[in-house]
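Please keep the sequence and the 3D view open as you read.

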Amino acid sequence: MASSTRLSFILFFAFSLFLQGILGEIICEDLPIDACSFSIASCGKRCLLENYAGKNGKTEYLCRTSEVVVERMAEYIETDTCVSACGVDRNTVGISSDALLEPQCTAKLCSPDCYQNCPNIVDLYFNLAAGEGVFLPDLCERQRSNPHRAMLQLMSSGAAPGPISNIEAGDLAEVPALAPSSI
């Protein structure tokens, strides 16, 4: 990221935190694209980065409020520290468990820096893993002791669905996102 772009993002982020303090509200649709993924709106729903073909055929992005409810968190923009520690990408479009199939991603997600310090990202992937029939703490334990076996367990649990943005909005129900309280 160019230094001027990084400075702009830092200033916008600081200003948004200032406004959040005054107004007390995070609205996904008002977030900049590079702060959307892994954020939680004031209403407790996850923000979702979507892409679409613009008028000129170029891919464009927008941030919107998903129907995925986070039970114990609201008004939260994920930190760069956690994004880096957990090996996730702020430019992630949709919400998908596909990243769990990548050994490097699972290793970073299960690392102490992520698993013990980044409850928002761990909560998200805990629920995505549960949707695949996998208990994330068990997957992380296997990841630490035998990474290949962890991947085999995850792959044998069934195919990972595509991003939530591919699902019709009317097909979504509010889904509570519950992770273990020990995280």
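**From a pocket to the core**

The second largest pocket has a lining of twelve nonpolar, six polar and four charged residues. Here Ala, Val, Leu, Ile, Met, Phe, Trp, Tyr, Cys and Pro count as nonpolar, Asp, Glu, Lys and Arg as charged, and the others, Gly among them, as polar. A pocket is an open set of points on a 1 Å grid over the protein atoms alone, where a 1.4 Å probe fits and protein lies on both sides within 12 Å along at least five of seven lines; lining residues have an atom within 4 Å of a point. This is a predicted model, in which local features need pLDDT of at least 70 and side-chain atom pairs count only at pLDDT 80 or more, while totals for chains, interfaces and linings use all residues. Residues are numbered from 1 along each chain as its sequence is written, and side-chain values use heavy atoms, with hydrogens and water left out.

Of the 22 lining residues, Phe 38, Thr 92, Ser 96, Ala 99 and Tyr 125 lie nearest the centre of this second largest pocket. Strand E2 (45-53) and helix H5 (119-131) each supply at least two residues of the lining, and E2 gives the largest share, with four. Helices (H or I, at least four residues) and strands (E, at least two) are DSSP runs, numbered from the N terminus.

Stepping back, the chain has seven helices and five strands, which run α-β-β-β-β-α-α-α-α-α-α-β from the N terminus on.

Now look inside. The largest nonpolar core has 28 residues, of which Val 88, Leu 109, Cys 114, Ile 121, Tyr 125 and Leu 136 touch the most other members. Such a core is a set of buried Ala, Val, Leu, Ile, Met, Phe, Trp, Tyr and Cys residues joined through side-chain atoms within 4.5 Å, where buried means under 20% relative accessible area (1.4 Å probe, protein chains only). H5 gives the most to this core, with seven residues. Leaving aside neighbours within four places in sequence, Ile 121 is in contact (heavy atoms within 4.5 Å) with Phe 38, Glu 78, Cys 82, Val 83, Cys 86, Val 88 and Leu 109.

Finally, find Cys 105 in helix H3. Cys 105 is buried, with a relative accessible area of 8%. Beyond residues up to four places away in sequence, Cys 105 touches Cys 86 and Ala 99. The C-alpha atoms of Cys 105 and Val 88 are 7.3 Å apart, across 17 residues along the chain.

Technical notes. Buried means under 20% relative accessible area, exposed over 50%, partly exposed in between (1.4 Å probe, protein chains only).
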